[in-house]
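The sequence and model come first.

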Amino acid sequence: MKKLKFFEKPAGARTVYTLAGVSFCLAAIAVGILYSQTAKSIEKITSVTNTTYQVNIGKQGEADPRYNGNIEKSTTRASTSVTTEAATTALTVEEAEEESAVVATTSAAQKQSFMLPCDGEVIRKYSPELPLYCETMEDWRTHSGIDFAVEEGGEVLSVGKGKVSKVLVDSSFGYTVEVNYGEFTARYCGLEQGTTVGINQLLNKGDCIGKVGEVPCEKNSGRHLHFEIIKNGDYADPVKALS
């Protein structure tokens with residue numbers, strides 16, 4: 001019988017080792033193939049994800065056609081939003097127009113009517129250009145208001161709803177009260193001092209402003225109220241203003 005050396009293996013053992021080595025190599029090849037396929041799959045998924053992200057953030061009109069479905073949905077939402085905003089704007093404009101119409105109607109309804117300041121006869125008319133003869137001053141001069149004949153102590157009434165803006169003593173027209181009526185300012189001249197209203201006092205149509213006193217520059221014309229209208233910074237015809 002032949003004696004085996006230390007490093008020498010029997011024939012059966014060599015066969016077993018050979019098969020084991022082949023199996024290991026096959027297993028390594030299989031793992032390598034599987035790893036390669038897995039890496040490619042991951043790279044593909046990453047590529048698709050990045051492309052989709054780029055489509056979502058890309059400029060309008062430059063998106064990849066492959067993702068048109070997503071873009072159409074986004075565009076539809078944008079169109080719906082724009083349409084809703086346009087409808088809201090149209091509604092707002094319509095409401096504003098309706099509100100303006102209501103305000104205009106209310107203003108027209110609230111526009112007040114006026115009355116004469118007294119029942120006296122007109123003894124001197126409004127004449128801003130043609131001079132009239134003044135008995136007191138014995139000259140010809142224009143007349144900036146209307147003179148109503150009123151008995152001494154007779155009441156002078158507010159021609160509308162307004163607010164007293166001035167109470168003063170004028171050397172020519174005597175004790176005078178001015179009332180702001182919005183559309184114009186009325187000036188009541190020749191009142192009896194101490195019987196008049198106060199500054200900032202609110203008046204309603206027909207309220208008593210004071211009693212007739214004397215107009216110094218027209219005292220020879222008898223007891224009367226000198227009544228003026230100031231509109232847009234200038235004298236105006238009281239008859240037209242009140243009518």
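Buried is used here for a relative accessible area under 20%, exposed for over 50%, and partly exposed for values in between (1.4 Å probe, protein chains only). The model is predicted: local features need pLDDT of at least 70, side-chain atom pairs count only at pLDDT 80 or more, and totals for chains, interfaces and linings use all residues. Residues are numbered from 1 along each chain as its sequence is written, and side-chain values use heavy atoms, with hydrogens and water left out.

| Residue | Relative accessible area | Class |
|---|---|---|
| Cysteine 118 | 6% | buried |
| Cysteine 217 | 9% | buried |
| Aspartate 170 | 28% | partly exposed |

A disulfide is a pair of cysteine sulfur atoms within 2.5 Å. The count under this rule is 0 disulfides. For cysteine 217, the closest cysteine sulfur is that of cysteine 134, at 6.2 Å, which is too far for a bond.

Strands are DSSP runs (E, at least two residues), numbered from the N terminus. Aspartate 170 belongs to strand β6 (residues 162-170). Its side chain reaches the backbone nitrogen of phenylalanine 173 at 2.9 Å. Between aspartate 170 and proline 216 the C-alpha to C-alpha distance is 9.0 Å, with a sequence separation of 46 residues.

Two strands pair if DSSP finds at least two bridges between them. Strand β6 runs antiparallel to β7 (residues 174-180), with 7 bridges, and a hairpin of 3 residues joins β6 to β7. Valine 169 has tyrosine 175 in β7 as its bridge partner. Strand β6 also runs antiparallel to β9 (residues 202-203), with 2 bridges; there, glycine 162 is partnered by leucine 203.

Technical notes
Helices (H or I, at least four residues) and strands (E, at least two) are DSSP runs, numbered from the N terminus. A polar contact is a pair of N or O atoms within 3.5 Å; within protein, one must be able to donate a hydrogen and the other to accept it, and residues adjacent in sequence count only if both atoms are side-chain atoms.
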